[in-house]
Structures are given as structure tokens and as C-alpha cells.
Amino acid sequence: MKNIFTFFLLFISMLAFSQEKAYGDGEWFKFRIHYGFVTAGYATLQVDNAVLDGKEVYHIKGEGVTTGMSKFFFKVEDYYDSYVDKQKDIPYKFIRKIDEGGHTKDIEVDFNHKSGKALVHNKKHQTKELVDFPKDAQDMVSAFYYLRNNLDTQNIQVGETINMNMFFDDESYKFKLKFLGREELNTEFGKVPTLKFRPYVQAGRVFKEKESLTVWVTDDGNKMPVLIKADLAVGSLKASLVQFKGLRHSFRIVVD
């Protein structure tokens, strides 16, 4: 389970999405992370209204934990917070507090979009550092919500790639996503029209190769992820949507 929630957020952070507002206060997703029939853990994403330094923002909270026998073999408790401007879709603050089998991080990032510098506070090592970041950079949580609101999926073409500036922990990088097409996916909610994507990841210790991920998101106004498949160096992993509430748009299901 090490880094599973980190990569899970990274997967969904690059998914595609409409130009109208796709989400709002009260939205909540729950995902089951599993190897075949074995549940390894659960992950949730929640959106709430908040005020940060006098600005109206969305407070987006992500959590990932192992459950059952999995936590005895490898305990994971990951918590993420992102504070996003409601109008500009840019992050002002990002918090990452994780414990993955004893590997811990406690990092808080404050973004100054005028200066293009982020104050990175590593609470574990008691350090603070100013780091440059590129224009329009997103954190690993805010990126998901930014793209839901801004990327035009009505006119996206099969094979088209999407690039985005990301800021993670204390460095910037480019992330690329390829659109594979549309597909009706059988889920526990019924048959759902989806958009299918291939995020490009770094091959090596965790993933078999850079094209090891496939992601499906709903082809409707919500653009919520319903399934993620990952071929890992130690097997295959899935993250499946199991519960949701507070959607801004109707959830589209195909009726035969």
C-alpha cells in the first residue's frame, strides 16, 4: 500500500473535465482500493466552503487509509488538504501529512501566485524554504478540480494529450495525460458512459512501465472518476468508486 493514495490522487488529478462548474460545496467521493476481491483500503475526497486569509475558497480534503488485515502488513494513513480559490481555480495552500508503513511526511505549502514562489514548510524536519513554481501550477489535489472546471471534453479527440504544471512537495514537474476515447463501463451503479485516459507515469520501483495506468471518468457534467486500474511492479491494483453525494449535476446512467 506504500504510496498508493499518493499515486491515486495523482491519477485523478489529471482527468478531463468540462468548462462549466463541475463541483461545489458538499461533494464527497469514496473509493475502494483493492487487489482483485481483496480490499486494501479506502480513499475519500470532500469539498467544503471555507475562508482563508479573507478569500472565499473550497477546502478540499483527501484521506487514504488501509483497512482490515492490510493495515497489519502495511499501515497507511494519508491526509491531504488543498485550499482553492473559488473563482480562479488556483491553490493557495496545500497540506500533505502521511504515514506509510513508518515513512512519514508533514509538509505545508503556501502559494504566492503574484511572486511565483511557494513557501514550503517541512514540519518533520523543521525547515522552511522559498521555491519557484511556474505560472498556473496546481498541487496534486487542486489539479483534479481545476481540470474538471476548465478542460473542454466536448471537443477532445482520441489520441490528444494534455500537459499540466504540477507542484509536489518542493518541486515542479510536467504531467501528461492521453485521451483514449469513450466507453460504457459496467459499475455497481449501472452502465455508465465514461471518458478513458492514460496518465504517463515514471516506470521503475512502483509501476511496470510509464503506460501502466488507465482511468475512467464519467462523461457528464460531474466528470468524477469511477475506476482506476494500475499495473504495479508487485501486481494489479484497482480503485473503484463505491459511494458519492453532493453532485452538482445529474449522474448519467445508460438504461438498456
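**Strands, turns and a pocket in a predicted model**

Strand E4 is mostly covered, with 8 of its 10 residues buried. On one side of the pairing pattern, strand E3 (residues 55-66) runs antiparallel to E4, and 9 bridges join the two. Within this pairing, Ile 60 stands opposite Ser 82 in E4. E4 also pairs with E5 in the antiparallel sense, again over 9 bridges, and here Tyr 80 stands opposite Arg 96 in E5.

E4 and E5 form a hairpin with 5 residues between them. Asp 89 is found in the loop that links these two strands, and its phi is near 55°, a positive value in a residue other than glycine. Most residues other than glycine have a negative phi. Asp 89 is buried, because its relative accessible area is 3% and the cut-off for a buried residue is under 20%.

Phe 74 lies between helix H2 (70-73) and strand E4 (76-85). Phe 74 has a relative accessible area of 23% and is therefore partly exposed, as this class lies between the 20% and 50% limits. Although Phe 74 and Ala 40 are 34 residues apart along the chain, their C-alpha atoms are separated by 9.6 Å.

Strand E9 (residues 161-168) and strand E10 (residues 171-187) run antiparallel and are joined by 8 bridges. Met 166 stands opposite Tyr 173 in E10. This hairpin has 2 residues between its strands, and Asp 169 takes a positive phi near 60° there.

Positive phi values also turn up at Lys 223, where phi is near 50° in a residue other than glycine. Lys 223 sits in the loop between strand E12 (213-218) and strand E13 (225-232). With a relative accessibility of 2%, Lys 223 counts as buried.

Turning to the helices, H3 (residues 142-150) has 7 of its 9 residues buried, so this helix is largely enclosed by the rest of the structure. Among the buried residues of H3 are Phe 144, Tyr 145 and Leu 147, together with Arg 148 and Asn 149.

The second largest pocket has a volume of about 260 Å³. Strand E5 (91-100) and strand E6 (103-112) each supply at least two residues of its lining, and the largest share, 3 residues, comes from E6. By residue class, the lining of this pocket divides into 4 nonpolar, 2 polar and 6 charged residues. Its lining residues include Leu 52, Ile 90, Tyr 92 and Phe 111, as well as Asp 53, Lys 55, Asn 112 and His 113.

Seen as a whole, the protein chain contains 3 helices and 14 strands. Of its 256 residues, 52% count as buried. Among contacts with a separation of 6 or more, residues 24 or more positions apart account for 51%. The chain exposes about 12,200 Å², and carbon and sulfur atoms supply 47% of that area.

How values were computed:
Residues are numbered from 1 along each chain as its sequence is written. This is a predicted model: local features need pLDDT of at least 70, side-chain atom pairs count only at pLDDT 80 or more; totals for chains, interfaces and linings use all residues. Side-chain values use heavy atoms; hydrogens and water are left out. On a 1 Å grid over the protein atoms alone, a cavity is a set of points where a 1.4 Å probe fits but cannot get out, and a pocket is an open set with protein on both sides within 12 Å along at least five of seven lines; lining residues have an atom within 4 Å of a point. Grid points are joined across faces, edges and corners, and a volume is the space filled by probe spheres set on the points. Helices (H or I, at least four residues) and strands (E, at least two) are DSSP runs, numbered from the N terminus. Ala, Val, Leu, Ile, Met, Phe, Trp, Tyr, Cys and Pro count as nonpolar, Asp, Glu, Lys and Arg as charged, and the others, Gly among them, as polar. Buried means under 20% relative accessible area, exposed over 50%, partly exposed in between (1.4 Å probe, protein chains only). Contact means heavy atoms within 4.5 Å. Accessible areas come from the Shrake-Rupley method with a 1.4 Å probe; for residues, only the protein chains shown count as cover. Two strands pair if DSSP finds at least two bridges between them.
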